[in-house]
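The stops below go one selection at a time.

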Amino acid sequence: MTTPFGQIGVQDILDIVVVAFLIYQAYLLVAGTRAVNVVRGILVFAGVWVAAQLLGLTTLSFLLGRAGTVGIFALLVLFQPELRAALERVGRPRGRDASASGAALQDLARAMERLAERKTGALIAIERRTPLGEYAETGVNIDALVSVPFLEALFARNAPLHDGGIILQGARVVAAGCLFPLQPADGTYRRYGTRHRAAIGLSELTDAVVLVVSEERGSMRIALAGRLGPDLNGTELREQLRELVYDYPAGRPSTPVKPGTTAKAATAESADGRDAEEARAEAGAEARPSPNSRAEVQPETRSEARKEGT
Ligand SMILES: Nc1ncnc2c1ncn2[C@@H]1O[C@H](COP(=O)(O)OP(=O)(O)OP(=O)(O)O)[C@@H](O)[C@H]1O
């Protein structure tokens, strides 16, 4: 085929398609992980380097070229856990075991309800696209199917692994007693205890769906994309699990959750720089989920205002 760029054959088209596919797959591997920011940094760095070469800035392009060589090795060392997890993910079979079955999610929801009824604290992270291997390594490796009695036993007050969070991969519990990254105490969720801040912290750094049962209030909540949702009843929990986990398409990059805000809350936030959570708590009963956001975790509104008022 003759084009303005010369002859293009079937091989060239195949070449372009394969390269585009590989670039897309590489993007899927890093999307939703902390590596995204690093990739952005690398692109800026490469842009400056190319600009320096085009403009003939010899010293700058020499220095950037040298720094780039060292930087590649530094990145390999820094992101060794992510690279390992990414390669594991590439080789992992995409069968039924890799996704949470409906029965496992039902058991999970039932266990959450029972833990909440008894006011037994629990922290459960469900892995989606971002590998949680580095957090699993902070706890004890397990390989067990999700079941109501097993989850109850794990979080029972005197159980050896009740402290910390557990990690679910598909229908299996892969680690317990794990340490999750804490959301800073000076942030939006400063009035929360460490269990909730650990849930928010992990959900901020990964695309995991993190479930929390409060020991103090016996409430069930979901943290997603750095946001803590409102108290959920059993039906709402099942619905959210279905949409956030069961229906979550494998291979889709995680989309940051855009919380449904009221006009008042949004205006308050942007006008005077106060944190969104306080503004929403003030907006109180006006806050309603956005009509097309059933799968989104809505930040706390009325329940929080109630808590504040007591
Ligand atoms: N970084 C962390 N990673 C995982 N789990 C944690 C972490 N920090 C604390 N936890 C868990 O949270 C428990 C303490 O919860 P704390 O009472 O401080 O939080 P909370 O948010 O007020 O929760 P609750 O409403 O259940 O009391 C610890 O015993 C531990 O099991």
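Select I126 and L168: I126 stands opposite L168 in strand 5. This is a predicted model, in which local features need pLDDT of at least 70, side-chain atom pairs count only at pLDDT 80 or more, and totals for chains, interfaces and linings use all residues. Residues are numbered from 1 along each chain as its sequence is written. Helices (H or I, at least four residues) and strands (E, at least two) are DSSP runs, numbered from the N terminus.

Now show strand 3 (residues 122–126) beside strand 5; the two pair in the parallel sense over 3 bridges. Pairing requires that DSSP finds at least two bridges between two strands.

Between strand 5 and strand 6 lie 2 residues, making a hairpin, and G170 in the turn has a positive phi of about 60°.

Next, colour strand 5 (residues 165–169) by burial. A residue is buried if 20 or more other C-beta atoms lie within 10 Å of its own, exposed if 12 or fewer, and partly exposed in between, with C-beta atoms placed from the backbone. In strand 5, 5 of the 5 residues are buried, so the strand is largely enclosed by the rest of the structure. G165, I167 and Q169 point one way, I166 and L168 the other.

Zoom out to the open sheet of 7 strands, whose order is 4-6-5-3-7-8-9, with mixed pairing. Strand 4 (140–145) and strand 9 (227–228) are at the edges with a single partner strand each, so one side of each has no neighbour in the sheet. Then pick strand 7 (residues 209–213) and strand 8 (residues 220–224), which run antiparallel and share 4 bridges. The bridge partner of V212 in strand 8 is R221.

**The nonpolar core**

Which residues touch the most other members of the largest nonpolar core? Among its 51 residues, they are M112, A125, I166, I167, A199, V209 and V210. Helix 5 (residues 102–117) gives the most to this core, with 8 residues. A nonpolar core is a set of buried Ala, Val, Leu, Ile, Met, Phe, Trp, Tyr and Cys residues joined through C-beta atoms within 7 Å.

Centre on V210. Leaving out residues up to four places away in sequence, V210 touches A125, A199, L202, S203, I222 and A223; contact is taken as C-beta atoms, placed from the backbone, within 7 Å.

Select the ligand and the 18 residues around it; G193, R195, A198, S214 and E215 come nearest. A residue is near a molecule if its C-beta atom, placed from the backbone, lies within 6 Å of it. Helix 8 (residues 194–205) supplies the largest share of this shell, 4 residues.

Go on to Q183, in the loop between strand 6 and helix 8. Q183 has 25 C-beta neighbours inside 10 Å and therefore counts as buried. Beyond four places in sequence, Q183 is in contact with Y189, R197, I200, G201 and E204. The C-alpha atoms of Q183 and E204 are separated by 8.3 Å, with the two residues 21 apart along the chain.

**Last stop: helix 3**

Is helix 3 (residues 58–78) well covered or hardly covered? Helix 3 is hardly covered, with 0 buried residues among its 21.

Key. Two residues are in contact if their C-beta atoms, placed from the backbone, lie within 7 Å.
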